[in-house]
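Here's a quick tour of a protein fold, written for someone new to reading structures. Keep the picture open while you go through the points.

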Amino acid sequence: MFGITGSGDVSGFGGLVRKRPEVAGTAKPYGGYFDEVTDALEEAYPGFADAIEKVVVDRGELTLHIAPEKIAEVAQIMRDDESLRFELCSSVSGVDYLNTDARRLHVVYHLTSMTYRRRVRLEAAIPAGGSLPSVTSVYPTADWQERETYDMFGVVFTGHPNLTRILMPDDWDGHPQRKDYPLGGVPVEYKGAEIPPPDQRRVYQ
């Protein structure tokens, strides 16, 4: 289906290639409370110009792209400044933009202000083998979330109190959610039938 050969992909979707659009910064005014958040951060944080690579408003959501080495500093201001008060880091997750970004590994932090009922995303990008400062001293909830991102994507969080694998065995080779991780798998027995891993299944022409 769709002319796929040699990959073992029998889903029928392996031949579809989606081009990732260039994500450009958004110009002010952003609308809603987004201007208030960015203005408050700029006022509270002297290093704003160096730390904020770009601001993106898309689909009604605000994302601040942060210089990797500044992520913990920005998180501290986002939490403590009276005009911001983003008290909760609800999620830390990874994204792999293989072959579309030289800094292919992006780490995304979802912050919530329970005081002002607001949400914002922080995003930091690093190359494979790069590292980010841990934000666990600012948001203790990031402890296991950073461990999962390390386990699945190989992002090293410097200063993390116990950066070990959380889902895969300690001796596991590689990071399963990277785009270049082999499809692989293990055989599964189902009611007496043996189902081979995806990369060993029959390819229908």
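**A hairpin to start with**

Strands E4 and E5 make a hairpin, with 4 residues sitting between them, and Arg-117 in that turn has a positive phi of about 55°. Bear in mind that this is a predicted model.

**The sheet**

- Zooming out, 5 strands build an open sheet with mixed pairing, and their order is E1-E2-E5-E4-E3.
- E1 (52-58) and E3 (88-96) are the edge strands, each with a single partner strand, so one side of each has no neighbour in the sheet.
- On average, neighbouring strands here are turned by 20° against each other, ignoring direction.

**Who pairs with whom**

- E4 and E5 run antiparallel and are joined by 9 bridges; His-110 has Arg-121 in E5 as its bridge partner.
- E2 and E5 run parallel, with 4 bridges joining them, and Thr-63 stands opposite Arg-121 in E5.
- E3 pairs with E4 (residues 105-113) in the antiparallel sense over 8 bridges, and Leu-88 has Thr-112 in E4 as its bridge partner.

**What covers the sheet**

- Helix H1 (residues 34-44) lies across E1, E2 (61-66) and E5 (118-126), running at about 25° to E2.
- E5 is mostly covered, with 8 of its 9 residues buried.

**The nonpolar core**

- In soluble globular proteins, nonpolar side chains tend to be buried together.
- The largest nonpolar core has 40 residues, and those touching the most other members include Leu-41, Leu-64 and Met-78.
- Helix H3 (residues 71-80) gives the most to this core, with 5 residues.
- Leaving aside neighbours within four places in sequence, Leu-41 is in contact with residues including Phe-48, Leu-64, Val-74 and Met-78.

Methods. Residues are numbered from 1 along each chain as its sequence is written. This is a predicted model: local features need pLDDT of at least 70, side-chain atom pairs count only at pLDDT 80 or more; totals for chains, interfaces and linings use all residues. Side-chain values use heavy atoms; hydrogens and water are left out. A nonpolar core is a set of buried Ala, Val, Leu, Ile, Met, Phe, Trp, Tyr and Cys residues joined through side-chain atoms within 4.5 Å. Buried means under 20% relative accessible area, exposed over 50%, partly exposed in between (1.4 Å probe, protein chains only). Helices (H or I, at least four residues) and strands (E, at least two) are DSSP runs, numbered from the N terminus. Contact means heavy atoms within 4.5 Å. Two strands pair if DSSP finds at least two bridges between them. Axes are lines fitted to C-alpha atoms, for helices over the stretch in contact, and angles run from 0 to 180 degrees between N-to-C directions.
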